[in-house]
Amino acid sequence: VMASMAHLQEEKLQLQEELLELQEKLTAQENNELSRSLQLQSQVETLKVKLLEQAQEISRLRSELGGMDVEKDLLATENERLRQEMKACKGELRELRRKQQVPCQDCAHLQENTELQEQLSQLQQEAEETRAKLAELDLEVQQKTNRLAEVELRLKDSLAERAEEEERLSRRLRDSQETIASLRSQPQQIKYIIKTVEVESAKAKQALCESQSRNQYLQEQVGMQRQVLKEMEQQLQSSKKTAAQLRAQIMMYEAELERAHGQMLEEMQAMEEEKNRAIEEAFSRAQVEMKAVHENLAGVRTNLLTLQPALRTLTHDYNSLKCQVRDFPLLLQETLQSARAEISQAIEEVNNTNRELLRKYRRELQLRKKCHNELVRLKGNIRVFGRVRPITKEDGEGPEAANAVTFDNDNDAVLYLLHKGKQVSFELDKVFPPKASQEEVFQEVQALVTSCIDGYNVCIFAYGQTGAGKTYTMEGTAANPGINQRALQLLFSEVGSKAADWDYAISVSAAEIYNEALRDLLGKEPQEKLEIKLCPDGSGQLYVPGLTEFRVQSVEDINKVFEFGHINRATECTNLNEHSSRSHALLIVTVRGLDRSTGLRTTGKLNLVDLAGSERVGRSGAEGNRLREAQHINKSLSALGDVIYALRSRQGHVPFRNSKLTYLLQDSLSGDSKTLMMVQVSPAEKNTSETLCSLKFAERVRSVELGPVSRKAELVSWPSQEQLEVTEGSMGDSPGTAAPPGRGHVSPSPGQLSSRVASIRRKLQASG
Ligand code: ADP
Ligand code: MG
């Protein structure tokens, strides 16, 4: 027993060892299984990763495909750009064509041509590049397809590997099951031994029990492992399925890729074709245009050839012009200098001439004045004209209205008056018959009027009995104006003709002397008596303070002035005709001149005087006012006669102050002044005594002649108005005795004959 016990124990130990070994094997197996499962898991993991990778790859491929789309887009835009460039090329070509119509100016076409060629080559290069890019893309697609095949291969490999692994694992599992079965079969023997051993050792029993539980646990473990394996198998199955799905997907993707590739290729082909076509088109167009340009160029060349000689001459001309231009400032300066010198010389000459001319002009002026004075001296400063008015209705009918005045056909200075049966002849400076017009009268007067412009003072008196035509001669009618208006008109025209050198101002005043009182006819208060005063400047000139002076510039102005004067005169009296016949009416025209070239100033005064009626009033036994008027008129007319007499006989003292009229006209009567006495007479038989008186007055004025005569005249005194009356009575009996020794004499014997004839005629007229 001991030996068997020892043997059993030995066996037990052996079994224990075996168990341990088995346990170890089991743990190893378990570890192995675990590691295997871990490995499998990791493999599954890697597969998953690979799958993911593939998915990623697929998505990448897809995105690449998308990229290809982008590239396609890019190519489309490229194409568009090319098209744009083509269009630009076309535009340029058009421009070129347009330019061809314009003659070529230089060889820019060549340059443009080369530029076009460059552009063409650039386009071709770009097309080449695009083609290369296309090839690259093709290559890439190929590579990707290869990679896809590789991946598939790898997937197949991994699937085969997995199958192998599965195979191996199932073999192992079978081995393990066999081992487990063998191990299971072994415990039957051991049970027996154990049963036998149990008896011997509780410990052994316990150990056995433990081993049994251990075994149980191991079996459970194996079951679990199996479960795990099954699960893994399932997993494998699902992963296989997934792989198949993936493969299908890959296939699909491949097909899609293929299709996209084909499409892309087609599109690329189309694009290529289009590009080629466009390039060809552009090229052909460029060629055509080039040809045109060439032709144009040839034309331009021929043009150039023809232009060259012209250019040569132009260049020559230009060079010569350049030389001229270069020399021009110098030449100009020289010319300017010489011109300046010439001009200054000319100016100097002109100045000299001007100075000389001015000197001559001044001398001429002086000479003219001297000549004029001499002429006047020869003619006499005082001239006497006679004017016979026509017979009017107022003269009535019958013998009273008969004509008593006749004329000498050969001498216009002589007139004959038939008075009390005797014909008396009178010689004046000029006699105007009744038919003489205002115009004719004025023609004889105008020289006097114009001398006023030269600075002379002029007096024109109308003397005569009332109704003899004084006012008619001086004022005239509206239709037939007299000396006053004509004189002013003449002054205006004369002044106008001299306006180039002279500035003239013409002003007028109008005054009236009635009963030795001076009144302003243009003033605001015509009734106011004006005084004649000496100028305070010591010039000895007289002036009338308050006498209105109007500046006149036209005939209209004069008419206004005259009208104004008439109105003033008319408002002052009840009977204008009567009043005017008893007062002296004066129109004073002042002409002030300035010679702009010499600065010479002149002032001339033209006094136009319509004297009061010279008829003898006193004899008819007038009284009161009428007498006073008559006395004043007599006095002033005598004073005028005295002054004229004194002046003509060159007496030292001239009694200007004896009347207002002579005092006012002092400076217009003395010195170089000129006086015209217009003696108005009526031809009517009834007026012959007054006519006789007037003509005597006229002749006496005129008789105070130049030279020895005037000196002789100094011896006799000037007759007063009363004396004139007295001599009138003695007329015919002793002619020339009472009167001054003038030419107013009874006509000689031939005259007596003619006077008798006249008397017979008069008688015939009266009777018939
Ligand atoms: P006075 O002024 O000397 O008193 P007027 O000039 O008033 O005289 O003349 C008196 C009349 O005679 C007026 O009707 C006038 O028209 C007329 N008369 C005077 N002279 C002429 C003449 N030369 N021609 C025509 N009529 C005249
Ligand atoms: Mg009158």
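1. Let's start at the ligand, bearing in mind that this is a predicted model. In it, a polar side-chain atom of T471 sits 2.7 Å from an oxygen atom of ligand 1. The protein covers 71% of the 550 Å² of accessible area that ligand 1 has on its own.

2. The backbone joins in as well. A polar backbone atom of G467 is 2.6 Å from an oxygen atom of ligand 1, and a backbone N or O atom of K470 is 2.9 Å from an oxygen atom of the ligand.

3. Now for the wider surroundings. R387, R389, P390, Q465, T466, G467, A468, G469, K470, T471 and Y472 surround ligand 1. Sorted by class, this shell holds 5 polar, 3 charged and 3 nonpolar residues. Helix 5 (residues 470-474) supplies the largest share, 3 residues.

4. How far can you trust it? Mean pLDDT for the protein is 81, and 83% of the residues score at least 70. Confidence is highest in helix 5, at 96, and lowest in helix 13 (residues 707-715), at a mean of 29.

5. Please take care with two stretches. Over residues 705-720 pLDDT stays under 50, and the model has 32 contacts beyond four places in sequence for them. Residues 725-768 also stay under 50, with 57 such contacts.

6. Last, a check on helix 9 (residues 624-648). Its 25 residues should span 36 Å at 1.5 Å a residue, and the end C-alpha atoms are 36 Å apart, so the two agree. After helix 9 comes R650, with a positive phi near 50°.

How values were computed: Residues numbered from 1 in each chain as written. Chains lettered and ligands numbered in written order. Predicted model: local features only at pLDDT ≥ 70, side-chain atom pairs only at ≥ 80, totals over all residues. Heavy atoms only, no water. Helix = DSSP H or I, 4+ residues; strand = E, 2+ residues; numbered from the N terminus. Expected span 1.5 Å × (residues − 1). Near = heavy atom within 4 Å. Polar contact = N/O pair within 3.5 Å; in protein donor to acceptor, adjacent residues only side chain to side chain. Areas by Shrake-Rupley, 256 points an atom, 1.4 Å probe, with all protein chains shown as cover. Nonpolar A, V, L, I, M, F, W, Y, C, P; charged D, E, K, R; others polar. pLDDT = per-residue confidence, 0-100. Contact = heavy atoms within 4.5 Å.
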